[in-house]
Amino acid sequence: MSTLVIPGDEITINPDVPVILGPGMYNDPVTRDILPVNAGILNTSNSKKGQTIYVEYDSKRYTPAVGDLVVGIITGSFADSYRVSLANFSTPVSLSYMAFPNASKKNRPTLVIGDLVYARVCTAEKELEAEVECVDSTNGSDAGFGLLDGGMIIEVTLGFARSLLFNNEFPLLRDLAQHCKFEIAIGVNGKIWIKTDEVKDTIACYRSISDCQGKSYDQFRDIIKKHFQEVTTTVEE
Amino acid sequence: MNVQTGYLQNVDGSCLYSLNSTKVISSVTGPIEPKPRQELPTQLAIEINLRPATGVPTTREITLQDKIRTVITPILASYKFPRQLCQITLQLLQSGETESLFNQLELAACINSTVFALVDSGVPLKNLAIATTIVIDSNNNIIHENITDDILKNNKSVHVIVYQIENNKPSNLLLMDSHGDFDEQDVLKVLEASESNVRQLNKSFREYIQSKLSN
Amino acid sequence: MAKDIEISTSESKFILEALKQNYRLDNRTFDQFRDVKIQFGEELGDVLIEMGKTKVHCKISSSITEPYEDRPFEGLFFISTESSAMAGPQFENGNNTGEDEVLISRIIEKAVRRSGALDIEGLCIVAGRKCWAIRANVHFLDCDGGFVDASCIAVMCALLHYKKPDITVRGEKIIVHPVEEREPVPLGILHIPICVTFSFFNPMDMEENVKGESNSEIVIIDASLKEELLREGVLTVTLNKNREVVQVSKAGGLPMDALTLMECCHKAYSITETITNQILKEIKIDNEKRDKYSAILSSENARETS
């Protein structure tokens, strides 16, 4: 189903089933109307719990939501928490010293200002400061979270980051892997961290990922090929 | 109408809008962290800045800013982001009218451009708002399209009308800004003419978004 | 000053490391100036310059006013360069007291106005009584570095493109002829200054006042926004096609020696030459588009012009 919705459009909802509203949907506190508030593709799905409705739209500004995997920059440290920026100029979020594996009052994490971290959003109330954590709270393991050492950051649109992370059909990473080895951390806040063994490979990945935004799948291969060729020829010059 | 959204790179949403000889570019950033004095405890605060094509901003630009604000405030889903800020900046590139006498073409262009930039930025909107300019000339003809500076100079009255778009149709009147001599009959005629204009603009914008998404 | 863009340690380290290995993020060489795209608007003196993602718009306006008392034979010329949050939220609305903002407007002011690029004596109408006031309104639309270079090109293009209405003076009376009645007249441009900005990096973190063997500073032309955020020194050289150095501006940062400065000026000159030629060519094309009769009425012979 791909229907375009624009803010203010009416949406048919089955009144007998509970409704779960996702991103892009809004329940007006005054009129009690359920409205789309963003322009994009309407998605509805039915499950045992009820009908889920959300709007798939692309944007650049991230607002925290619980469960999101994000890449943030440490911008400050306080008595018991770090201050982390998820997007330039947005309200920063906090990362508690206790939200690390094996954390205790004495065992403090060693991050410094300017470091990159991979984390999960654990609380996001609109009235309060959002919080992120670097630990899987179910079993206390690091679960891949924590400091991202070295590497490079690529800023992309949020829609593109989501397709990279969630869409298994998305060919970009598979195509990149044919050219070099890399480590990657994708944040749905539109920040992608990538690390390879050599600067030229990272540069090629950086340019490829930036350029593939808004292009169709079948163009990816050529874009990547072009960028990898360019970095090798520059060296020879 | 000519629209290009996502024109700028450093802001969250932008729109280059032109209608006849009026050309304006708008940018939206938000929700971002506000300065303490801008913060509202329960809603998204709006900061609007309008800059003229030539010269420095004067009281004329402040009036326009306030009118844009009265239109934008009711359509934003502002309770979704308490204590946050939405920064809107408008830059006129070409006014298309004698700036010392009129501001109606600019006002309509600024409102439309702002709304489209808001859609582009992903700032939550409850509805769209679409503006249009109508002139009644000295022979009592209603002119609703291709308004030029000469037509404006020959006006008996000139009106800017903004409709709220609900479910793809114009519903509430958000703003009616009129200058000159007119009576009740004229107002009714103007409202009728503007509704069809707004419908047309809404249709073109929808087609634009559709074509943008399908790429 | 509004909040700054945050840049992580990994990112800055990587950009420096890449520079050391001769790479720039946008696939340019160190001495490569971005391609300049010039678009003219519907009106005269309305120009949009694009350099990569940087966009600067400039619009010229004119009015008739009284000259300054101490300069009765000169017209007035202003350049307004106010930044707004449109170029990026790092610029605050209505506050142009930040160091960068002030520097940008000072450099453009010096490059264009104080270098006498516009013939202001030609703006005089009646000595001591009436003169033209020309205003260049520079609007920064999108920032990806190189605002100084782009705005200088924008102002010069707009000045070259603009034409003021023709006037007749009869004693104390001035008649301004509308554009439909009489062909408007172009402004008197004496030379075309072009700014080229160099950015310096010191990846080895060694500073030397006298440059020796171990000097490993990196010099790049026309930095992008990220490179601008990380650079440790900046130099703007303004030149014109006649090989005249209009301005050398270096406000602090890494020390530099005479040889580097000479080298930079030479590099800047070749860029100046290409850009000047491009500007003149595009202005000519646009003028021809606007004036359908010029080709028929021209008395120019068909000849080779270099």
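Where in chain B does P31(B) sit? P31(B) lies in strand 3 of chain B, which spans residues 22-32. This model is predicted. The briefing covers chains A, B and C, starting with chain B.

**Two backbone details in chain B**

- The peptide bond between G30(B) and P31(B) is cis. Its omega is about 0°.
- P31(B), the proline of that bond, belongs to strand 3 of chain B.
- N167(B) is not a glycine, yet its phi is positive, at about 50°.
- N167(B) sits in a loop. That loop links strand 8 and strand 9 of chain B.

**A four-stranded sheet in chain B**

- Chain B has an open sheet of four strands in the order 7-6-8-9. The pairing is antiparallel.
- Strand 7 (142-143) and strand 9 (169-180) of chain B are the edge strands. Each has a single partner strand, so one side of each has no neighbour in the sheet.
- Strand 6 (residues 128-137) and strand 8 (residues 155-166) of chain B are joined by ten bridges. These two strands run antiparallel.
- I130(B) has Y163(B), in strand 8 of chain B, as its bridge partner.

**Helices against that sheet**

- Helix 1 (residues 59-75) of chain B lies across strand 6, strand 8 and strand 9 of chain B. It runs at about 165° to strand 9 of chain B.
- Helix 4 (residues 184-214) of chain B also packs on the sheet. Helix 4 of chain B touches strand 6, strand 7, strand 8 and strand 9 of chain B. Its direction makes about 135° with that of strand 6 of chain B.

**Helix pairs in chains B and C**

- Two packed helices are described by the angle between their axes and the distance between the axes.
- In chain B, the axes of helix 1 and helix 2 (residues 104-121) come within 10 Å. They cross at roughly 45°. That angle makes helix 1 of chain B oblique to helix 2 of chain B.
- The crossing of helix 1 and helix 2 of chain B is right-handed.
- From helix 1 of chain B, the contact uses L64(B), K67(B), I68(B), V71(B) and I72(B). From helix 2 of chain B come E106(B), L107(B), C110(B), I111(B) and T114(B).
- This contact of helix 1 with helix 2 of chain B has seven nonpolar, one polar and two charged residues.
- In chain C, helix 3 (residues 147-161) and helix 5 (residues 258-290) have axes that come within 10 Å. They cross at roughly 35°.
- The crossing of helix 3 and helix 5 of chain C is right-handed.
- Helix 3 of chain C brings I153(C), M156(C), C157(C), L160(C) and H161(C) to the contact. Helix 5 of chain C brings I275(C), I279(C), I283(C) and D286(C).
- By class, the contact of helix 3 with helix 5 of chain C has seven nonpolar residues, one polar and one charged.

**A three-stranded sheet in chain A**

- Chain A has an open sheet of three strands in the order 13-15-14, with antiparallel pairing.
- Strand 13 (152-155) and strand 14 (183-186) of chain A stand at the edges. Each has a single partner strand, so one side of each lacks a neighbour in the sheet.
- The twist from one strand to the next averages 20°.
- Four bridges join strand 13 of chain A to strand 15 (residues 191-195) of chain A. One bridge partner pair is I153(A) and W193(A), the latter in strand 15 of chain A.
- Helix 3 (residues 199-212) of chain A lies across strand 13 and strand 15 of chain A. It runs at about 10° to strand 13 of chain A.

**Where the chains meet**

- Chain C puts 23 residues in contact with 20 residues of chain B.
- Strand 3 (54-65) and strand 6 (130-142) of chain C each supply at least two residues to this side of chain C. Strand 6 of chain C gives the most, with five residues.
- The side of chain C that touches chain B has six nonpolar, nine polar and eight charged residues.
- Chain A and chain B also touch, through 25 residues of chain A and 28 residues of chain B.
- The side of chain A that touches chain B has eleven nonpolar, seven polar and seven charged residues.

**Domains from the UniProt record**

- An unreviewed UniProt entry annotates residues 19-61 of chain A as "domain: Exosome complex exonuclease Rrp40 N-terminal". This stretch of chain A is 0% helix and 51% strand. Its end C-alpha atoms are 26 Å apart.
- For chain B, UniProt lists residues 1-124 as "domain: Exoribonuclease phosphorolytic", in an unreviewed entry. Residues 1-124 of chain B are 28% helix and 33% strand, with end C-alpha atoms 24 Å apart.

Notes
Residues are numbered from 1 along each chain as its sequence is written. Chains are lettered from A and ligands numbered from 1 in the order in which they are written. This is a predicted model: local features need pLDDT of at least 70, side-chain atom pairs count only at pLDDT 80 or more; totals for chains, interfaces and linings use all residues. Two residues are in contact if their C-beta atoms, placed from the backbone, lie within 7 Å. Ala, Val, Leu, Ile, Met, Phe, Trp, Tyr, Cys and Pro count as nonpolar, Asp, Glu, Lys and Arg as charged, and the others, Gly among them, as polar. Two strands pair if DSSP finds at least two bridges between them. Axes are lines fitted to C-alpha atoms, for helices over the stretch in contact, and angles run from 0 to 180 degrees between N-to-C directions. A crossing is left-handed if the near helix is turned anticlockwise from the far one by less than a right angle, and right-handed if clockwise. Angles under 35 degrees count as roughly parallel, over 145 as roughly antiparallel, 65 to 115 as roughly perpendicular and the rest as oblique. UniProt positions are given in the numbering used here, feature names are shortened, and annotations may be inferred rather than shown by experiment.
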